[in-house]
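Please look at the sequence and the structure below. A short report on the fold and the chain contact follows.

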Amino acid sequence: MRRLRLALRLVLAAVFIYAAYTKLRQPWLLFALSIDSYQLLPQWAVLTVARTLPWLELLVGLLLVSGFGLRYVALVTSAQLVIFLAVMLRAYAKGLGIDCGCFGAGEALTYKTLIRDGLLTAGAIVLTVSAFQSQRSSS
Amino acid sequence: MKNILASLLLAAISMAAVVPEATAPGKGVGVATAPLKIDVFSDFQCPSCKASYEETLRPLKSDYVAKGKVYLVHHDFPLQMHAYARQAAAYANAAARVNKYEEVSKELFRQQSVWSANGQIDAVLTGVLKPDELKKVRSLLNDPKILADIEQDLALGNKNNVRQTPTMIVSYKGRSYPVAGKVDYGILSKFLDDLLSK
């Protein structure tokens with residue numbers, strides 16, 4: 001179980017750090033346009049999310065690598081991925097022809113994106129449950 | 001994992017997307033030497049393209065294109081799922097030959113729900129084309145050059161990784177930025193101003 005936790009931590013960390021990197025290297029307003037295309041948030045919220053989300057992803061990625069406060073970090077990771085998945089499912093169901101915005105601009109939101117995000121979400125939930133179980137068994 | 005790697009590669013490639021080339025005459029609006037170029041790939045039968053045309057491109061034309069800041073180029077990207085999209089694109093491209101691409105595009109989007117229901121595209125254009133222009137447009141509909149223009153736009157879109165409509169490719173100082181879907185004009189405007197300030 002420890003090896004699985006380590007593998008999940010590192011995979012999720014790599015994905016989050018890369019996601020942050022791709023967003024931070026492009027103009028932040030381009031990411032704002034990706035968020036806006038989901039037609040979910042008012043302009044002020046779109047701009048706030050575009051400014052802060054990449055840094056939050058970077059922080060989560062680095063914390064996952066370090067293993068510090070794993071239970072809570074895994075919980076935040078799961079929460080983020082559940083939200084991303086829900087938002088993408090909604091856009092896909094509505095037939096919005098948009099970019100996913102996951103790793104910078106230019107990646108269309110398709111069923112493959114949903115499968116990928118679903119797998120990452122499942123991995124994050126397994127990590128969260130495992131981290132809490134491990135804490136309980138050691139105390 | 002394979003999917004993740006493929007997506008990461010795709011995202012990296014798209015940031016270095018090829019800057020689109022010139023298109024058929026009559027489909028560009030503004031000054032070709034403007035600092036910013038926006039290539040719009042759209043489908044006349046797509047509801048998001050209608051919204052984008054009416055709510056985003058309209059103010060863009062008055063605030064940026066008319067002031068020489070943006071050169072806007074339309075590209076037809078009819079999707080197979082839309083039964084009359086290619087025919088509508090043929091009308092618009094034929095209208096470009098009588099310098100009425102903009103007028104016909106505007107009317108096709110305005111009356112999208114009408115012709116999308118019955119395929120009667122000809123009928124909705126009588127208000128924007130004079131009888132002789134309409135006659136000329138009709139005669140050009142099956143012209144191989146018109147069909148080739150549409151194929152050229154489709155090929156250009158595919159080359160630039162366009163997968164959905166509307167997609168805008170904003171080009172500035174040799175870099176290109178894809179923007180997919182209908183977006184808020186206010187945010188697009190901030191993005192363009194930010195690019196122009198660099």
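In chain B, 78% of the contacts with a separation of 6 or more join residues 24 or more positions apart. Two residues count as in contact if their C-beta atoms, placed from the backbone, lie within 7 Å. The model is a predicted one: local features need pLDDT of at least 70, side-chain atom pairs count only at pLDDT 80 or more, and totals for chains, interfaces and linings use all residues. Residues are numbered from 1 along each chain as its sequence is written, while chains are lettered from A and ligands numbered from 1 in the order in which they are written.

Chain B has nine helices and five strands. Here helices (H or I, at least four residues) and strands (E, at least two) are DSSP runs, numbered from the N terminus. Along the sequence the pattern is α-β-β-α-β-α-α-α-α-α-α-β-β-α.

The five strands of chain B make an open, mixed sheet in the order β1-β3-β2-β4-β5. Strands pair if DSSP finds at least two bridges between them. At the edges are β1 (28-29) and β5 of chain B, each pairing on one side only. β1(B) runs antiparallel to β3(B) (residues 70-76) and is joined to it by two bridges; V29(B) has L72(B) as its bridge partner in β3(B). Helix α8(B) (residues 144-159) lies across β2(B) (36-42) and β3(B), at about 110° to β3(B). For such angles, axes are lines fitted to C-alpha atoms, for helices over the stretch in contact, and angles run from 0 to 180 degrees between N-to-C directions.

Of the 198 residues in chain B, 46% are buried, that is, they have 20 or more other C-beta atoms within 10 Å of their own, with C-beta atoms placed from the backbone. The largest nonpolar core has 86 residues, and those with the most contacts inside it include L12(A) and Y91(B). Such a core is a set of buried Ala, Val, Leu, Ile, Met, Phe, Trp, Tyr and Cys residues joined through C-beta atoms within 7 Å. Helix α3(B) (residues 85-96) supplies the largest share of this core, nine residues.

The contact between the chains takes 28 residues from chain B and 26 residues from chain A. On the side of chain B that touches chain A, α1(B) gives the most, with eight residues.

| Element | Residues |
|---|---|
| α1(B) | 2-15 |
| β5(B) | 175-180 |
| α9(B) | 185-196 |

Terms used. A residue is buried if 20 or more other C-beta atoms lie within 10 Å of its own, exposed if 12 or fewer, and partly exposed in between; C-beta atoms are placed from the backbone.
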